[in-house]
Amino acid sequence: VLAMADAAAAATGPGSMRNIKVDKLVVNISTGEAGDRLTYAARVLEALTGQKPVLGRARYTVRQFGIRRNEAIAATVTVRGEKALDLVERGLRVKELELHYENFSDTGNFGFGIKEHIDLGVKYDPTTGIFGMDFYVVLKRPGARVARKKRKAGRVGAPHRVTKDEAMKWFKDTYKGILTHEK
């Protein structure tokens, strides 16, 4: 029994298939309106990530908010690799490495928002204004491609999927983060 426990402990080494890493980071700025404000938001995202943002559209008309169906109201960028890790770290520093446990989903991902984009180190421009943004971090283990590939697609078994508890532990270990239970 002890030999099995030692083998399990050794399996979590640096080359292990159990290691959790960031798959992608989705950064979203929702302006709730089309026009100049959305254009400026897209410019902020492009300056932050170096990628051209995709515009999100309203699903339906809401007269009280003054938005129509299919009107562009948000800008979103998906970032992967080293740039994603850098942005996640910068965003977490703005939050002072403190997240609420409800920021974590059951599928092992987490998200948080920041109120001002200038906290990330982007230079303030009075014509652009200040935007808040949402960060959503998707975590994975090596082998997740099995479920996404077109030819001979398989399934990722339940023990290999990232859970909420594992994601919270990864956050605490990787960033020395703090989890709170009150908002």
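Me: Hi! Where is asparagine 70 found?
Reply: Hello! Asparagine 70 is found in the loop between β2 and β3. One thing to keep in mind from the start is that this is a predicted model.

Me: Thanks. Is asparagine 70 buried, exposed or partly exposed?
Reply: Asparagine 70 has a relative accessibility of 45%. Buried means under 20% and exposed means over 50%, so a residue in between is called partly exposed. That makes asparagine 70 partly exposed.

Me: And what is its phi, for asparagine 70?
Reply: Phi of asparagine 70 is near 70 degrees, which is a positive value in a residue other than glycine. For background, most residues other than glycine have a negative phi.

Me: Which other residue has a positive phi although it is not a glycine?
Reply: Lysine 176 is one of them, with a phi of about 55 degrees. Lysine 176 sits in the loop between α5 (164–175) and β7 (178–180).

Me: Is lysine 176 buried or exposed?
Reply: Lysine 176 counts as exposed, because its relative accessibility is 65%.

Me: OK, let's zoom out. How many helices and strands does the chain have?
Reply: The chain has five helices and seven strands. If you walk along the sequence, the pattern reads α-β-α-β-β-α-β-β-β-α-α-β.

Me: Which strands form the open sheet, and in what order?
Reply: Five strands form the open sheet, and their order is β2-β3-β1-β6-β5. The pairing in this sheet is antiparallel.

Me: Which strands stand at the edges, and why is one side of each left without a neighbour?
Reply: The edge strands are β2 (54–57) and β5 (110–114). Each has a single partner strand, so one side of each has no neighbour in the sheet. As for the twist, it averages 25 degrees from one strand to the next.

Me: What packs on the sheet?
Reply: Helix α2, residues 36–49, packs on the sheet. Helix α2 touches β1 (21–30), β2, β3 (72–79) and β6, and its direction makes about 5 degrees with that of β3.

Me: Can we go through the pairings? How many bridges join β5 to β6?
Reply: Five bridges join β5 to β6, which covers residues 133–140, and these two strands run antiparallel. Within that pairing, glycine 113 stands opposite aspartate 134 in β6, and isoleucine 114 stands opposite methionine 133 in β6.

Me: How many bridges are there between β1 and β6?
Reply: β1 and β6 pair over seven bridges, in the antiparallel sense. Here asparagine 28 stands opposite aspartate 134, while valine 26 stands opposite tyrosine 136.

Me: Where do the side chains of a regular strand go?
Reply: In a regular strand the side chains alternate between the two faces of the sheet.

Me: New topic: β4. Where is histidine 100 found, and is histidine 100 buried or exposed?
Reply: Histidine 100 is found in strand β4, residues 98–100. Histidine 100 counts as buried, because its relative accessibility is 9%.

Me: How far apart are histidine 100 and leucine 179?
Reply: They are 79 residues apart in sequence, but 5.4 Å apart in space, C-alpha to C-alpha.

Me: What about leucine 99, buried or exposed?
Reply: Leucine 99 is in strand β4 too. Leucine 99 is buried, with a relative accessible area of 2%. Leucine 99 and isoleucine 178 are 79 residues apart in sequence and 6.4 Å apart in space, C-alpha to C-alpha.

Me: Which residues does leucine 99 touch?
Reply: Leaving out residues up to four places away in sequence, leucine 99 touches Leu92, Phe104, Phe110, Phe112, Phe171, Ile178, Leu179 and Thr180.

Me: Last one, for the whole chain: what share of the residues counts as buried?
Reply: Of the 183 residues, 37% count as buried. Among contacts between residues at least 6 apart in sequence, 62% join residues at least 24 apart. The chain also has 33 positive and 21 negative side chains, with the centres of the two sets 10 Å apart.

How values were computed:
Residues are numbered from 1 along each chain as its sequence is written. This is a predicted model: local features need pLDDT of at least 70, side-chain atom pairs count only at pLDDT 80 or more; totals for chains, interfaces and linings use all residues. Side-chain values use heavy atoms; hydrogens and water are left out. Helices (H or I, at least four residues) and strands (E, at least two) are DSSP runs, numbered from the N terminus. Buried means under 20% relative accessible area, exposed over 50%, partly exposed in between (1.4 Å probe, protein chains only). Contact means heavy atoms within 4.5 Å. Lys and Arg count as positive and Asp and Glu as negative; His and the chain ends are not counted. The place of a charge is taken as NZ of Lys, CZ of Arg, CG of Asp or CD of Glu. Two strands pair if DSSP finds at least two bridges between them. Axes are lines fitted to C-alpha atoms, for helices over the stretch in contact, and angles run from 0 to 180 degrees between N-to-C directions.
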